[in-house]
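Trainee: I would like to take a close look at a single part of this structure. Could you please select one contact and describe it in detail, then place it in its wider setting?

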Amino acid sequence: MHKTFTLLLLCLALSAANAQTTPTTQPYGKIDIADLQMKTCDFEKDANAEVLFNKSNVYFNSNYDIVTEIHKRVKIFNDNGKDHANVRIEYYGGDRSEYISGIQAQTINLNNGVAEIIKIDKKQIFTETIDRSRSATVFSFPNVKPGSVIEYKYSIVSNNIGNFPDWYFQTSIPTRYSELTTNTPDILYYKNLESVHQPYAVNKNNRDGSITKALANVASIPDEPFMSSLEDNCQRILFQLMTIRPIGQRITSFSDSWTKVGETLMESVSFGGQLNHKINGEEALIAKAKELKTDDDKIAYLFNEVKTNMKWSEYYSKYSDDGISKAWDKKSGNSGEINMILYHLLKKAGVKVYPMITSTRKNGRVNPGYPNYYQFNNTVAYVPVDSAKYYVLDATNKYNIYNQVPANILNSFGFYMDKDKKVYDITFLQNIKPVRQVVMLNGVIKADGKMTGTAEVSNFAYNRVNVVTKYKKDGEKKFIDYLVNDDNNLKISSVKFDGMDVDTLPLTHKVAFDLDLTGSDGDYIYFNPNMLSSVKINPFLSENRYTDIDFGYRSNYSINCTFKVPAGFKVDVLPKSVSMAMSDKTMVFRRVAIEQEGTIVIRFNIDQKKSIYFKEDYPEIHEFYKKMYEMLNEQIVLKKS
């Protein structure tokens, strides 16, 4: 009896200890003083803020509307974390298919050991119209400072049973506890697409038929070089409606097929209904396009006409807000309107073209096994040239090229629609050709430790777009600053461009420069041959990687340098010729170094043969880049003879 009683006490003690250490939620307005006193995140010490808990309860009301109740609480550790006190909640409010209710928000501060609550004034909660279908509720918390805790709660009601809300356990800051409870009627069946790689803290079926899943101590997703969207990399659960099973009636399949998605869009007033709308003055544009000999000529002409005449509103959208006719008259519109106008003109000019919806890099990759239009945020014009070649046209960016898939939609799927033939299909958008940059540099080294020279840098494809964008938007002075790259010893006296106005040609900029070779003295001259290229700073310095690497496209860099050694000096240290490759040969680095009769020739070549690498590949990539940049920045030493 005594042993049984002792064992019972031990079990109770262990249960109490577990209850104290397992994170959980709290009622709105009730907070532990320990959370207000907390200075850092227990499991991520350098975090600027931490989600104490994020709780969602999703269920259906009597009208079969989806009700999503959210309660979120965030701890602010320092001034850098105060941005998390600015909240933006987006929803489909344009046609009232969704609406927000019951918003409450407050800041909690510790004042003389007591929790002080400052409620947000309802007048400081605003509603913004994003486009025809989307709205946003926006507010900022008052009196936020390091140590503050902010919390808010609200409900979203949706009348679309196919738009069951997805849940993201992980964010850009660490999360102590994230909990999702779902309760669906028996007549509805949803497929769960789970991407979770740590054990659930809670995973249970409740007595009321609901299901609760929770994660605890979830690390943040850092902003890493060449990562895709945050949402692509988060631990999450996505939902897709599969069937409706009314009692005593036939089961209806409600899982969208791509054909059904296409038919729905083409019947939509703000999508398919816009594609054949006439625009003012189109007859002259179409007539001129028809006079051109080839489809490429027609496409290039109309693409540039739309790019030149239309100003992008900076909003990505699948739809037209006010109609393409009004957008053309205003000479401005969202991405959907601008590219629907382009599609319309191309179609009228006799080009085989289809409307296509895409997802931008920031919006996230499209899952081809999850047929719906919610994954997409953009409309473009799609031209299949032949079985192996296609154009994807986006006229929102003034510097896009008609025969090149825009960089911000690469490595994801586009969905095109041919209503006449009833063909609705997805295609993977990629660029398989390496994107090149070629540097030709000639330098004359002087005995006093200075160098004068010229360089010719040729940029192809996306590199061309990047340089043109930077130069046109920032101006020549900032472009020169970009080339100098904070090197106070490098002075550029002139920059001249070839091919700026012909987007099918490479863009070449020629520079004249002077360089002080610091560290040189009367007996030795030191210099780094890798100058004025785009490969000067290693992007992969971190020892760890939490997300996949998405370069967007393959690349090839060729750097060719010739240096004239000054009279009275000879080469003392010359880097060795070397070749290095990753184990799968998808990344190769070569360096050739030659010295002959007072002239040094250095050639670098970097050939990256894949555009996507998994985070599991990072240890090898990290080591490869470390060695490569050491060799790119290895100095040449001249000695006075």
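**A helix pair in detail**

Mentor: In this predicted model, helix α9 (residues 461–474) packs against helix α10 (residues 476–484) at an angle of about 135°, and their axes lie 6 Å apart. The two helices are therefore oblique to each other, since only angles over 145 degrees count as roughly antiparallel. On the α9 side, the contact is made by Val467, Lys470, Tyr471 and Asp474; α10 contributes Glu476, Lys478, Phe479 and Tyr482. Sorted by class, the contact of α9 with α10 comprises 4 nonpolar and 4 charged residues, with no polar ones.

Strand β3 pairs with strand β7 (residues 135–140) in the antiparallel sense over 6 bridges, and the bridge partner of Tyr91 in β7 is Ser135.

For the protein as a whole, 49% of the 641 residues count as buried. Among contacts between residues at least 6 apart in sequence, 71% join residues at least 24 apart. The C-alpha trace spans about 95 × 80 × 50 Å along its principal axes, and the accessible surface comes to about 31700 Å², of which 49% belongs to carbon and sulfur atoms.

Note on methods
Residues numbered from 1 in each chain as written. Predicted model: local features only at pLDDT ≥ 70, side-chain atom pairs only at ≥ 80, totals over all residues. Heavy atoms only, no water. Pairing = 2+ DSSP bridges. Helix = DSSP H or I, 4+ residues; strand = E, 2+ residues; numbered from the N terminus. Axes fitted to C-alpha atoms, helices over the stretch in contact; angles between N-to-C directions. Parallel < 35°, antiparallel > 145°, perpendicular 65-115°, else oblique. Contact = heavy atoms within 4.5 Å. Nonpolar A, V, L, I, M, F, W, Y, C, P; charged D, E, K, R; others polar. Buried < 20%, exposed > 50% of the residue type's maximum accessible area, 1.4 Å probe, protein only. Areas by Shrake-Rupley, 256 points an atom, 1.4 Å probe, with all protein chains shown as cover.
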